[in-house]
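Take a look at the structure, then read the points below.

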Amino acid sequence: MTESPQTPLLEVRDVTKGFPGVIALSHVNLTLGHSEVLALIGENGAGKSTLMKILAGVQEPDSGQLLIDGKPVRIDSVQAAFDHGVALIHQELNLSDNLDVGANIFLGREPKKNGLIDKAKIREDSRDLLARVGLNVSPDTIVERLPIGQQQLVEIARALSVNARVLIMDEPTSSLSAHEAETLFKVVKDLRSKGVSVIYISHRLGEVKELADRVTVFRDGENAGDLGLDEINHDRMVQLMVGRDVSQFYVRKPHSPGEVALEVKDLVTPANPGHKLNFAIRSGEIVGVAGLVGAGRTETLQVLFGVEPAVSGSIEVDGKAVRINTPIDAIDAGLALVPEDRKLQGLVLEMAVRTNVGLAGLKRNQKKLGFLNSPQEGADTTEMISKLRIKTPNEQQVVQYLSGGNQQKVVLGKWLSLNPKVLLLDEPTRGIDVGAKQEIYRLMEELAEQGMAILFVSSEMEEILGMSDHTLVMHEGRITGKLSREELSEEAVMQLATGNVPQESVA
Amino acid sequence: MKKNLGILGLFLVVFIATAFANPDFVNAYNLENLIRRASLYGIIGIGVSLVIITSGIDLSIGSMIGLVGTMLPYLLIEHGASLFTGLLAVVALSASIGLIHGLLITRLKLQPFVVTLCGLLIYRGCARWMTGDSVQGFKGNYDSLRYLAIGKIPLGTLPGIGEFNLPVPFLLMTGLAIVAAIFLNKTIYGRYLLALGRNEQAARYSGINTDRMVVLAYVLCSLVAGFGGILFALDSNSIQPDNFGSFYELYAIAAAVLGGCSLRGGQGSIFGVVIGAAILPLLRNSINLLGMPTTLEFAIIGVVILAGVIVDEVVKRMAAKRRAALAAKQASGS
């Protein structure tokens, strides 16, 4: 049988997969053509990851068929997936970062000569593979010395080394800077032109628009729809993902800002000792901080919250100067920080919802001799579960079993139970699904309305445009511009974020 | 309490099996001895569990017991120090050692294993050098003080056991266990230790002074080890500086691990540790009474601990799976 151009490279037919107590995939279908970039999107829990694990040989389906070049195949191990030309690039990179690039590319498949590893061959072959992904580094470089974007390219080179025809990429840009992401897009487009097909999973719809030839949407473990090249737009994608019309995705109302809640004067952070930061936020105001990864936004929030001490400068809360050297000082001054990495910095994952919600308030609520105030903790938890609509079986549920969105709500609940004056949010919707995102936006609105001052860092342009009353834009450690609602546009932000600063507005 | 059922079951199985196999096991004299040993191990186990909960370790406990145990009779008998001075000196020494451990670990970011391993060597060397390696003892003095370690409270005749006296260390251990359990479960400081043991960074971001809490854990651990050292010395009355307390850190750590403390931190139950500490002398006693070769003693103890830890891990995995399924059900159902 000759291969007709109509035969898809990869086809998933009627696949069902269940786990104890839950159906992860129910009769789903998916096709991937030759030289095609297919975006697979859906909320968390829609079944994307399960399908990817099935394709990569990590799990087997309960029923249904996988076809490659029109022929049914069984992919029951990672090796079998490799043999069929399918390779998965995990969200968290799977590199041994203490080894060099060449060793990583050929890990487990080292070419041998006289029973020893043939380093010369590794070096030679690695150079070819690295050239194919446009990465200009020596195969002898230790992986941990490479920036994260280049590490990802090493992983792609490894996939190519097993002659992968289908590359599955799970949230590949989640930890890349804008520039690194651009490079990645180029590589993906280049691979497509050379006959490699890509299944691209992402929450970032802007990327999907840029890269995808076609979009497949999953919802609750089922097919929710497919979009052809000319149908791919933001609203259609969101609508299919959440299953309802979302013309009101951002729920902005006009705010009436009050007094200045937080004022920062000549603040110098250890990460960027050459620049002084000056800005103010009023109560009832939502201020966005835009910029590229590495612009110093997270570092600024960390100094405000006392995680890192400031080099110099002053911070005023409600007009009173405060000294913030530790998070304890910041909390006492009425600040709260929802950090960038909720699993590492926001939550104690192995502990209960209740314990996590109560963690920051232990000291404030303590009884005599440091005894726990259990009734208070219980009441706070109950309030936060209902107010933030945290989906959890009960307050004793261990946080790691909750979805990303619900975990983020637990972090928010921890801080809101302290009723802070200023809420600092660092990438508040990173890695959470569309439904939970919208709930968090609603909550930000509600808190601003009640008079809280909110400062949020975001790498998602739509979030900045949709949510902020004012926008601070940072570039390489300094604030390159402050945009009011009227001045705010994608172009204005990008100009400032890339350091293209009009002469008169240098801060 | 549920999480301690496994260790409690193991204890009861060994206990009942030995009682059936050898009637001598349940005689009052044997039980009194067993309870006294178990209580002393329990005390040092409670101390080290506080450190293990912070995801740390203290390997110096045995040598600390050696140092405190030789230093107290050395000061009292050889130097004629007053009882107050002697006790004050060893308590202050214990607290200082813990403070130094804690500061090296939090300020210089040294690994607890390395710091306390060096401590193990240093304190043993100090004990031998100070005393010229000669055996120390209380030489028939301080009987009222020794009551703390060897005293017994008559409880009258118990059915099947005979005239039974409760060893005083059991009361000391029980008191310490109650205080420690309240500290760990009912105060914000206990919660701080559990939280930072699991995720130091998240605890710090939540406004917890994690460094100070870690130092506190090491100070408490060393204080308790010093207290244990005093009791062990009062109990033995013949203290060899070169080996008194040797390996006791491992007994204490084994008790903590058997009792449900994870070496990864953030987890532990004082009741479990107390039972865990009792299993070690119980096993040793059983090996003797059942006529097994005493040369196998360590091997048997090792196998039993390993088996206990394996069963515990399997049970935990099953529980985690159940919880995950429950959460998935909840998420898909709503």
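**Helix and domains at a glance**

Helices are DSSP runs (H or I, at least four residues), numbered from the N terminus.

This is a predicted model: local features need pLDDT of at least 70, side-chain atom pairs count only at pLDDT 80 or more, and totals for chains, interfaces and linings use all residues. Residues are numbered from 1 along each chain as its sequence is written, while chains are lettered from A and ligands numbered from 1 in the order in which they are written.

- B:Gly6, B:Ile7, B:Leu10, B:Phe11 and B:Thr18 are buried (20 or more other C-beta atoms within 10 Å of the residue's own, C-beta atoms being placed from the backbone).
- These buried residues fall within an arc of 140° seen down the axis of α1(B), so they line one face of the helix. The arc is that of the directions from the helix axis to the C-beta atoms.
- On the other side, B:Leu5, B:Leu12, B:Val13, B:Ile16 and B:Phe20 are exposed (12 or fewer such atoms).

**Domains of chain A**

- Chain A is divided into domain 1 (10-242), domain 2 (248-334 + 420-507) and domain 3 (348-418), with bounds from an automatic or database domain assignment.
- The C-alpha centres of domain 1 of chain A and domain 2 of chain A lie 35 Å apart.

Key
Helix = DSSP H or I, 4+ residues; strand = E, 2+ residues; numbered from the N terminus.
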